[in-house]
Amino acid sequence: MTDLLRITGLHLSLPDLNRKPLIGAAPRIHILKGVDFAIAKGEIVGIVGGSGSGKSTLARTLVRLLEPSAGTIHFDGQDISHLSEAALRPLRRRFQMIFQDPMSSLNPRHTVAQIIEGPLALHDVANPSDRMREALDAVGLGQRFATRHPHQMSGGQRQRVGIARAIALRPDFIVADEIVSGLDVSSQAQVLSLLERLVADLGLTLAFISHDLSVIRRLCNRIIVLDKGVIVENAPSAEVFDTPKAAATRELLASILLPEVGADWQT
Amino acid sequence: MADARALVHRRAGLRLWLSAGWIALVAAAALLAPWIAPHDPLAQDLFLGRLPPFWMEGTEPGYWLGTDSLGRDVLSRILHGARIALIVAVIAGTLTCLIGATLGLLAGFLRGWVDLVISRLIDIWMAFPPVLFSILLIAVLGPGLTSIIIAIVVIDWTRFARVVRAEAMAQGAMDYVASARVAGRTRIGTMLREILPNVLPTIVVLLTLEMGIAVIVEAILSFVNLSISTDDPTWGGMIAEGRTSVHQAWWVLVFPLVTLFLTVLAFSQLGEGLKDRYDPVLQ
Amino acid sequence: MSFLQVTNLSARIKGSDHRLLRGVSLTVEAGEVRGLVGESGAGKSMIGKAILGILPRAIEITGGSILLNGTELLTLSPAERRRLIGASTALIPQDPLTALNPSRRIGPQITDRLVDILGWSRSAADARATELLDEVQITDPTRVLRAYPHELSGGMRQRILIASAFAAEPKLIIADEPTTALDVTVQKQILKLIATMQARHGTALLFVTHDLGVVAKVCQKISVLYGGLVVEDTTAEAYFTGPAHAYSRALLAATPKYTNPEASLLPIPDAVIAAVQADVDAYDRRVP
């Protein structure tokens, strides 16, 4: 198998604007401190961690919304770590992101059709409205949703629009950042099984970021555990659940509340 | 939900129609003043001085809202005054909006040094006392319509710039902007296609407020005799003249004042009404 | 006689036929925890708000009764109701960030109610606050009482809100999604704390949540809501071994469970939604 994405020695620090002195630069906080991993074509990798682990920052760095302070990101053999926005543009069609909060990630004053067609038009895709309709069908939303605005839909429906926007470009790689954490249980199950089906049908490679190991267990072949900006575990799913090695993994496992009376309460 | 929304909608509709109706009336007066005004607004007749409005004793037919101390017809002067008021409102309002909103949008979305320069400029600008600033400006430029418009634009663009900047900054932090970047949209493209539609409702509300403010500013400058030549009737000029004889002829002061008040109110309500009616997020 | 007895409670948006609660009945015994579960829009938070009398103004109660320790709340005058609610109930809110006033110190935010409503002396109230913070396992109560909310972590703030809820020894506490806004690793500690405090003080607790994992750990009874209708009212034991109603069974199967990944996170079948919606429609026909 070939690696679609390869990350080596990734560091990222951002200025801490809360502690910016009156004059001069703000002190920088180190969020990612040397992260190495690779994702093979067709793999579904779960990236898990508690709050402050740096998982969302990592998600944004993978699609180059953020530029790494050190280290490299290779996408399909090409180093994209420091490419300019203009140089990245043609590549952008190939890696997409689905965001955590579907309300804020969909432009409230655009219709669903505009939201999905926007990226298609940017990449000169032929027949954008056909592709938009196809994508709506693929995520199980009828054509009648095309003219709606985001606030006229439920959370689950909005997140499906987010997925439709990402897959309409027919990318190779998708980063999904906590995409079900704001949804109801039933929408969560729906969105996950939808994603599972699409990944299989379209042969996508997926990085699925979440704080919830239960959700990741269902979807992913391999799990990467992130703690304070470092990878503490990177192993096949079954192994992570059966023989967790890192303390952070055990803590995340212990924090899961199973829907069963008694079983795991007194740990 | 449906019914609660319908209620809001009806109220919004009424507000929109009342304010748009009044402004249409003022606009009609401005356009048609020479034909519909019953008298020449400048014609003086000392024998017809201080005639009261039509429902009081001692009126003269045809002078519906009475006359001022020089015998000029108040109604005709109000109708002609609408011209200056409206020209100032539309031209000054639009120019202020274009300049202020553009700078605000650039500062709020692009951030960095653009924001630094524009924000400091706004800070410095706002430290000038506006009334003195405008009087000073007109003293330099000389009185006249153009000077008034320039004064309003120069002073009030910061109002737009500040609000639009804050709004653009808040919108810029939303994930739909990040999503546009992931899709490969350029910075300017994102600003125009993603951010602008979201700050537009705010801009419309500010624009109509500004039109109302422009009418007031013109009136104030007329009041202190810094506006158009004293011959042309303006609402502010009429209020200034009416003030001196308020005890003998209150109507000379009150009618232009009420017209001014209603027009400014209508402008501010128009913006809110338009927003309630046409903003897709509120539908 | 149950400590809290809600019978046939109905509510709608004022001046419309949009129903929010459809004849909700439930009881909470003294010292018992009842979970109120449902998806967003099911009306679960509405019930807690109706009991506390803090419904938004656009919502009106159209029928039913709420008996608190035998007293009918819905017919009391607003002032009497406020006094009764203030003295015998408390709320643990969802968002520890907005529930505390950012510009006041923690201490007075806990003691205000003791002093203002219950007439305690300032020094007695202060002593009680220290004791409470100690009880919710805050190690340096004196420092925390003098701190401002922004100086404390989310978990710490939620501990303070729990302490503050128990301050006046209420007989009933309503917890509205108290752990939803917290980090996963803190969530469990806070739940344990609520459970411990509840057991120690013998408080009746109405626990509003969308998370069945949470219900399984802290509740003895459970009411499952859909569209403002109670579709199942049972013990937690019975619910988690085999829910009776098809919708509540499907809700359980949709909940993640890593020990059985194949049989969890299953989308709710359309037929189940259609059936439960039919129940709602049938209620609307029966009760015009």
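The paragraphs below go through a predicted model chain by chain and contact by contact.

Residues are numbered from 1 along each chain as its sequence is written, while chains are lettered from A and ligands numbered from 1 in the order in which they are written. Since the model is predicted, local features need pLDDT of at least 70, side-chain atom pairs count only at pLDDT 80 or more, and totals for chains, interfaces and linings use all residues. The model scores ipTM 0.87 and pTM 0.87.

Chain B has nine helices and zero strands; helices (H or I, at least four residues) and strands (E, at least two) are DSSP runs, numbered from the N terminus. Along its principal axes, the C-alpha trace of chain B spans about 80 × 55 × 30 Å. Of the 283 residues in chain B, 45% are buried. A residue counts as buried if 20 or more other C-beta atoms lie within 10 Å of its own, as exposed if 12 or fewer do, and as partly exposed in between, with C-beta atoms placed from the backbone. Among contacts in chain B between residues at least 6 apart in sequence, 72% join residues at least 24 apart; a contact requires the C-beta atoms of two residues, placed from the backbone, to lie within 7 Å.

Chain B also touches chain A, in a contact that takes 15 residues from chain B and 21 residues from chain A. On the chain B side, α6 (175-183) and α7 (187-223) each supply at least two residues. The most comes from α6(B), with seven residues. By class, this side of chain B has eight nonpolar, three polar and four charged residues. Here Ala, Val, Leu, Ile, Met, Phe, Trp, Tyr, Cys and Pro count as nonpolar, Asp, Glu, Lys and Arg as charged, and the others, Gly among them, as polar.

Within chain A, strand β6 (residues 95-98) is covered on both faces: Phe95(A) and Met97(A) on one side and Gln96(A) and Ile98(A) on the other are all buried. Four bridges pair β6(A) in the parallel sense with strand β7 (residues 173-177) of chain A; two strands pair if DSSP finds at least two bridges between them. Ile98(A) has Ala176(A) in β7(A) as its bridge partner.

Chain A meets chain C as well, through 30 residues from chain C and 26 residues from chain A. On the chain C side, two or more residues come from each of α7 (184-201), α8 (212-218), α9 (236-241) and α10 (246-254). Of these, α8(C) gives the most, with five residues.

Chain C contains an open sheet of four strands in the order β2-β1-β4-β5, with antiparallel pairing. β2 (19-28) and β5 (71-72) stand at its edges, each with a single partner strand, so one side of each is left without a neighbour in the sheet. Two bridges join strand β4 (residues 59-68) of chain C to β5(C), where Glu72(C) is the bridge partner of Leu67(C).

Two residues of chain C remain. Most residues other than glycine have a negative phi. Glu177(C), not a glycine, has a positive phi of about 50 degrees. Glu177(C) lies in the loop between β7 (172-176) and α7 of chain C, and is partly exposed, with 19 other C-beta atoms within 10 Å. Leu265(C) also has a positive phi, near 55 degrees. Leu265(C) is in the loop between α10 and α11 (270-286) of chain C, and is buried, with 27 other C-beta atoms within 10 Å.
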